[in-house]
Amino acid sequence: MLSRLFAPKVKVSAHCDLPCGVYDPAQARIEAESVKAVQDKMAANNDPHYQARATVIKEQRAELAKHHVTVLWSDYFKPPHFEKYPELHTLVNDTLKALSAAKASTDPATGQKALDHIAQIDKIFWETKQG
């Protein structure tokens, strides 16, 4: 009885995680920059406690970057974008793979590769905002 009394009267739905429509590859870039910065710092510090803490942070930031790229791919980019930029599916896949590699590595080159891919997504994203 109470559940019916307090049940919502209107059912709402949204096509995405963020119905306000605010998307920006900068979120992924900032997290990926953190990954690379941690990798750089790990190379300069051999303390095992520091390495353990840095590894956890690096892996968390890589996952966040992957999340932001995935949200762009699944929620922002639409069929007309994929038609205009047929390389977009492969680029997103390569970016996610690069972030996974950076997550698993202490080599700053892997972090830079992820950043390079995100920069390409960023370029396409802003071109889609112009049209």
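Reader: Which residues does His81 touch, not counting residues up to four places away in sequence?

Author: Contact here means heavy atoms within 4.5 Å, and His81 touches Tyr76, Leu88 and Thr128 once residues up to four places away in sequence are set aside. This is a predicted model in which local features need pLDDT of at least 70 and side-chain atom pairs count only at pLDDT 80 or more, whereas totals for chains, interfaces and linings use all residues. Residues are numbered from 1 along each chain as its sequence is written, and side-chain values use heavy atoms, with hydrogens and water left out.

Reader: Where is His81 found, and is His81 buried or exposed?

Author: His81 is found in helix H4, residues 79-84, where helices (H or I, at least four residues) and strands (E, at least two) are DSSP runs numbered from the N terminus. His81 has a relative accessible area of 16% and is therefore buried, a class that means under 20%, with exposed over 50% and partly exposed in between (1.4 Å probe, protein chains only).

Reader: How many helices and strands does the protein chain have, and what percentage of its residues are buried?

Author: The protein chain has 6 helices and 0 strands, giving the pattern α-α-α-α-α-α when read along the sequence. Of its 131 residues, 34% are buried, and among contacts between residues at least 6 apart in sequence, 73% join residues at least 24 apart.

Reader: At what angle do the axes of H3 and H5 cross?

Author: Two packed helices are described by the angle between their axes and the distance between the axes. The axes are lines fitted to C-alpha atoms, for helices over the stretch in contact, and angles run from 0 to 180 degrees between N-to-C directions. For H3 (residues 48-76) and H5 (residues 88-104), the axes come within 8 Å and cross at roughly 170 degrees, so the two helices are roughly antiparallel, a term for angles over 145 degrees. The residues that make this contact include Ala62, Val69 and Trp73 of H3 and Val92, Leu96 and Leu99 of H5. By class, the contact has 9 nonpolar, 4 polar and 5 charged residues.

Reader: Which residues are in contact with Trp73, leaving aside its neighbours within four places in sequence?

Author: Trp73 of helix H3 is in contact with Phe82, His89 and Val92 when those neighbours are left aside. The C-alpha atoms of Trp73 and Val92 are separated by 7.1 Å, although the two residues are 19 apart along the chain. At 35% relative accessibility, Trp73 counts as partly exposed.

Reader: How many residues does the largest nonpolar core have?

Author: In soluble globular proteins, nonpolar side chains tend to be buried together. A nonpolar core is a set of buried Ala, Val, Leu, Ile, Met, Phe, Trp, Tyr and Cys residues joined through side-chain atoms within 4.5 Å, and the largest one here has 22 residues, with Val69, Leu72, Phe77, Leu88, Leu99 and Ile121 having the most contacts inside it. Helix H2 (26-43), H3, H5 and helix H6 (108-130) each give two or more residues to this core, the largest share, 6 residues, coming from H6. Leu99, for its part, is in contact with Ala32, Ala62, Ala65, Lys66, Val69, Ala114 and Ile118, leaving aside neighbours within four places in sequence.

Reader: Which residues does His117 touch, not counting residues up to four places away in sequence?

Author: His117, whose place is in helix H6, touches Leu91, Asp94, Thr95 and Ala98 on that count, and at 13% relative accessibility His117 counts as buried.

Definitions and conventions
Angles under 35 degrees count as roughly parallel, over 145 as roughly antiparallel, 65 to 115 as roughly perpendicular and the rest as oblique. Ala, Val, Leu, Ile, Met, Phe, Trp, Tyr, Cys and Pro count as nonpolar, Asp, Glu, Lys and Arg as charged, and the others, Gly among them, as polar.
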